[in-house]
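Subject: Structure handover

Hello,

Here is the structure I promised to pass on. Please open it first, then read the notes below.

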Amino acid sequence: QLIVLDHHLSNDRYGTLNVIDVDAAATAVVVRALAERLGWPLNRDAAMCLYTGLVTDTGRFQYQSTTPEVFALAQELAGFDLPIAALSRQLFEEHRLAYLQLAGAVLSRAELDEKNAFVMATITAADFANYDVSIEETEGLIDLVRRTKEAEVSAVLKETDDGVRVSLRSVTEVDVSAVAASFGGGGHRYAAGFTSHASLASVQAELREAVAVTVKALHDATP
């Protein structure tokens, strides 16, 4: 049997038993609730894993999903004498110089659509090769791009052998999960993604249009 624990609305419930709580801030919240229900005691190793899941899914407690309950769980987990400072640096702040150089090049080419408050940055296959950086190393780049003051929606496109991988973030009521769903992806209202097998130029153009349509629909629906 396969048990699936998740908090993504887009989860297609592929398990034998599916525990999907779309209101949970993180899958770690679901796991902790299940462990408590089953009477499983926490140890330091489990607390370390749960804290890692909690802090990453909530964007270091910055996303809209962060609630008092999230902080209560973080306090419980921190009680296991976790190396929070070292863990935070390893997860969010420690990068090879090659990645930082790639990030600088990519950010210098980022495009801002002022009308739709949309910023898009693209990592090409050549970038990956020239800087010798893996796709895993670029997971946090979207968090840099979403800092753009002029943008409500941000995207990072990554050209890989498996297709163009796209990460989307929203800092307003623009639902990026709806944008991702139109490309066969999914996620949350404020954080979503998809993979396309179209050309990079096509994905860029189609994504601009999809964001524009979503933003217009939201503005039209707002009194």
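Six strands form an open sheet with mixed pairing, in the order β3-β4-β5-β6-β8-β7. The edges belong to β3 (111–113) and β7 (186–187); each has a single partner strand, so one side of each lacks a neighbour in the sheet.

Some ground rules. This is a predicted model, in which local features need pLDDT of at least 70, side-chain atom pairs count only at pLDDT 80 or more, and totals for chains, interfaces and linings use all residues. Residues are numbered from 1 along each chain as its sequence is written, and side-chain values use heavy atoms, leaving out hydrogens and water. Helices (H or I, at least four residues) and strands (E, at least two) are DSSP runs, numbered from the N terminus. Two strands pair if DSSP finds at least two bridges between them.

Now β5, residues 153–160. Strand β4 (residues 118–123) pairs with β5 in the parallel sense, over six bridges. There, F118 has V153 as its bridge partner.

Strand β6 (residues 163–170) pairs with β5 in the antiparallel sense, over eight bridges. V153 has S170 as its bridge partner in β6. A hairpin of two residues links β5 to β6.

Next, β8 (residues 191–196). Six bridges join β8 to β6, and the two run antiparallel. R165 stands opposite T195 of β8.

Best wishes
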